[in-house]
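Let's take a friendly walk through this model, starting with its pockets and moving on to its sheet and helices.

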Amino acid sequence: MNCKCGCENYKDEKLENILQKYNQDKGNLIQILNEVQVQYGYIPKYVQKRISEYLDMPMAEVYGVITFYARFTLKPKGRYNIAVCLGTACFVKGSEKILDKVKEKLGIDVGETTEDGKFSIEATRCIGACGLAPVFTINDEVYGKATPEMVDKILDKYINE
């Protein structure tokens, strides 16, 4: 019980509690992955291994489902997850410039997390705030009618926390 690398001796109580909610039917995979994503913020390799054992399915199949759905991630996200909407309304109103500014300011690309674990960036499709286009979010906070200058000011606030 000393590592999270997938060693057979390791038991993760949080994971075991999630698994115990479901019978060992392969049809429960997505529900289990959803709960894991919420609990951990991503789906670690040792968790994938344990799920594959629990559901008696190849780990490659579990991995395939994780990588198919955009909701799931294999990497931990930053404390502040920045999502820039690239849906039609936002894109037409310049969300690509917003995304470029965020990447420039943080020195990372989409799908990456800063070395300090503070920020991560994702490009999303419509988030349902088209009237505020272009839009980006930081965790659950929505920023509408965004401009590159606005991004600078908002990110400075988070950087200096």
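Which residues lie nearest the centre of the largest pocket? Of the 17 lining residues, these are Ala70, Thr73, Lys77, Gly111 and Glu122.

Before going further, please note that this is a predicted model, in which local features need pLDDT of at least 70, side-chain atom pairs count only at pLDDT 80 or more, and totals for chains, interfaces and linings use all residues. Residues are numbered from 1 along each chain as its sequence is written, and side-chain values use heavy atoms, with hydrogens and water left out.

**Pockets**

A pocket here is an open set of points on a 1 Å grid over the protein atoms alone, where a 1.4 Å probe fits, with protein on both sides within 12 Å along at least five of seven lines; lining residues have an atom within 4 Å of a point. A volume is the space filled by probe spheres set on the points, which are joined across faces, edges and corners. In the classes below, Ala, Val, Leu, Ile, Met, Phe, Trp, Tyr, Cys and Pro count as nonpolar, Asp, Glu, Lys and Arg as charged, and the others, Gly among them, as polar.

| Pocket | Volume | Lining by class |
|---|---|---|
| Largest pocket | about 310 Å³ | six nonpolar, six polar, five charged residues |
| Second largest pocket | about 220 Å³ | one nonpolar, three polar, three charged residues |

Strand 2 (residues 119-124) gives the most to the lining of the largest pocket, namely five residues. Strands (E, at least two residues) and helices (H or I, at least four) are DSSP runs numbered from the N terminus. The second largest pocket is lined by Gln37, Gly41, Ala70, Arg71, Lys77, Asn81 and Glu122.

Four strands form an open sheet in the order 2-1-3-4, with mixed pairing; two strands pair if DSSP finds at least two bridges between them. Strand 2 and strand 4 (141-143) are the edge strands, each pairing on one side only. Strand 3 (residues 136-138) runs antiparallel to strand 4, and three bridges join them. Within this pair, Phe136 stands opposite Tyr143.

**Helix packing**

Helix 2 (residues 29-40) packs against helix 4 (residues 59-68) at about 65°, with axes 11 Å apart. Axes are lines fitted to C-alpha atoms, for helices over the stretch in contact, and angles run from 0 to 180 degrees between N-to-C directions. Leu29, Ile30 and Leu33 of helix 2 meet Val62, Val65 and Ile66 of helix 4, where contact means heavy atoms within 4.5 Å. By class, this contact has six nonpolar, no polar and no charged residues.
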